[in-house]
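Hi everyone, thanks for coming. I'd like to walk you through one model today, so please have a look at it on the screen first.

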Amino acid sequence: MWAGSVRAALSRAPGSRRAHSALAQLRGILEEQLEGIRGAGTWKSERVITSRQGPRIHVDGVSEGILNFCANNYLGLSSHPEVIQAGLQALEEFGAGLSSVRFICGTQSIHKDLEAKIARFHQREDAVLYPSCFDANTGLFEALLTPEDAVLSDELNHASIIDGIRLCKAHKYRYRHLDMADLETKLQEAQKHRLRLVATDGAFSMDGDIAPLQEICHLASRYGGYTTGPGPLVSLLRQRARPYLFSNSLPPAVVGCASKALDLLMESNAIVQSMAAKTQRFRSKMEAAGFTISGASHPICPVMLGDARLASCMADDMLKRGIFVIGFSYPVVPQGKARIRVQISAVHTEEDIDRCVEAFAEVGRLHGALP
Ligand SMILES: Cc1ncc(COP(=O)(O)O)c(C=O)c1O
């Protein structure tokens with residue numbers, strides 16, 4: 001109803017009395033919602049970082065350097081000198097701007113090179129670049145599925161998969177998290193549809209656990225009837241995926257950096273091994289200290305706390321001890337399952353890991369989260 005009021009308000013002279021009262025009404029509705037979020041303890045504030053990304057960062061308002069333990073920088077490449085150099089070179093050679101979407105004049109040779117490199121990395125026929133994973137997931141389902149089809153989705157899939165599925169007109173089935181028996185039941189129910197697509201994250205980013213892809217493929221081959229080739233799939237996405245068709249191509253500097261990051265990964269296994277060893281160190285020390293860490297061996301290490309306010313207060317106290325972590329609460333994770341998601345990076349040192357565990361133990365005791 002208020003959308004109508006606002007539209008009406010905006011169409012009137014800004015100074016009119018009715019426009020003022022419509023805007024006051026909107027303000028009241030918004031304030032009420034914001035108060036509800038604050039009251040539930042799920043308010044997400046944004047700390048401002050004033051330095052490069054990396055294991056050590058500077059945070060606005062905090063005088064000393066801080067150890068960052070909540071970045072997606074698992075491989076430690078976000079400030080790697082060769083990656084930065086590759087970005088600068090692409091900027092020089094190909095410019096800063098995006099001149100259009102891909103099919104008009106937004107495809108430069110570096111976009112094609114990176115797509116070929118990604119396909120090689122994953123041993124696939126082709127790959128399609130999007131500005132973000134969110135775009136990739138929102139573009140996929142609508143392009144592929146019709147009302148005759150069905151999609152079966154893990155209940156804890158990332159929001160981008162959920163939103164992508166919402167945008168398509170296929171029938172929707174939700175199976176319990178990683179539960180293969182439930183997936184099989186839902187696959188049996190879905191036999192009546194033309195195509196059945198099982199959608200799952202590989203690694204679940206809030207829980208640090210990993211989908212049993214082999215079992216899912218096995219079930220899909222028993223109930224799926226047939227699989228389509230990835231080559232035509234990529235071609236279809238280039239023709240039909242709305243984020244690909246209607247959003248400008250990736251800026252050259254980003255393409256240059258991503259391409260170099262893939263080169264570094266393909267050159268040697270050292271980065272991945274270092275990340276795995278540090279993850280193991282963190283997980284085992286935290287569990288020995290009495291914390292519950294969700295997931296298995298993934299560098300996403302969610303410290304499970306339950307209460308949203310507890311997670312948020314503990315994260316604030318971690319910052320006072322020089323460790324940057326964030327409390328995650330609803331709607332990012334289910335109600336009552338608040339946590340602090342720690343993310344380990346290949347560029348953390350063993351001392352960094354130990355400092356983080358010590359700070360957690362101290363703060364956990366302070367807040368009664370540990371015996
Ligand atoms: C599992 C998962 N999927 C998708 C995304 C969205 O990625 P992007 O920032 O590329 O849109 C994220 C974000 O971190 C994620 O964790």
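First, the ground rules. What you see is a predicted model, where local features need pLDDT of at least 70, side-chain atom pairs count only at pLDDT 80 or more, and totals for chains, interfaces and linings use all residues. Residue numbers run from 1 along each chain as its sequence is written.

Now the overall picture. The protein chain has 15 helices and nine strands; these are DSSP runs, H or I of at least four residues for helices and E of at least two for strands, numbered from the N terminus. Along the principal axes, the C-alpha atoms fill a box of roughly 70 × 55 × 55 Å. Of the 371 residues, 31% are buried. By that I mean 20 or more other C-beta atoms within 10 Å of the residue's own, while 12 or fewer is exposed and anything in between is partly exposed, with C-beta atoms placed from the backbone. Among the contacts in the chain with a separation of 6 or more, 66% are between residues 24 or more positions apart. A contact here is two C-beta atoms, placed from the backbone, within 7 Å.

On to the domains. The chain is divided into domain 1, which is 56–77 + 269–366, and domain 2, which is 98–250; the bounds come from an automatic or database domain assignment. Their C-alpha centres lie 30 Å apart. Where they meet, eleven residues of domain 1 are in contact with seven residues of domain 2. On the domain 1 side, strand β6 (residues 300–306) gives the largest share, three residues. That side of domain 1 divides into seven nonpolar, three polar and one charged. For these classes, Ala, Val, Leu, Ile, Met, Phe, Trp, Tyr, Cys and Pro are nonpolar, Asp, Glu, Lys and Arg are charged, and the others, Gly among them, are polar.

Let's stay with β6 and follow its pairing. β6 and β9 are antiparallel over six bridges; for strands to count as paired, DSSP has to find at least two bridges between them.

Next, the open sheet with the order β4-β3-β5, three strands with parallel pairing. Its edge strands are β4 (171–175) and β5 (196–199), each pairing on one side only. Neighbouring strands here are turned by 20 degrees against each other on average, direction ignored. β3 (residues 150–154) connects to β4 through five bridges, with L152 partnered by Y173. Helix α7 (residues 159–167) lies across β3, β4 and β5, at about 160 degrees to β3. Axes are lines fitted to C-alpha atoms, for helices over the stretch in contact, and angles between N-to-C directions run from 0 to 180 degrees.

Now, which residues are around the ligand? They are N72, S132, C133, F134, H158, S160, D201 and S205, where the cut-off is a C-beta atom, placed from the backbone, within 6 Å. By class, this shell has two nonpolar, five polar and one charged residues.

Finally, two single residues. A241 is in the loop between α10 (230–240) and α11 (242–246). It counts as buried because 24 C-beta neighbours lie inside 10 Å. Beyond its neighbours within four places in sequence, A241 is in contact with G139, L140 and A143. Its C-alpha atom is 9.0 Å from that of D135, which is 106 residues away along the chain.

L213, by contrast, is exposed, because there are 11 other C-beta atoms within 10 Å. This residue is in helix α9 (residues 213–223).
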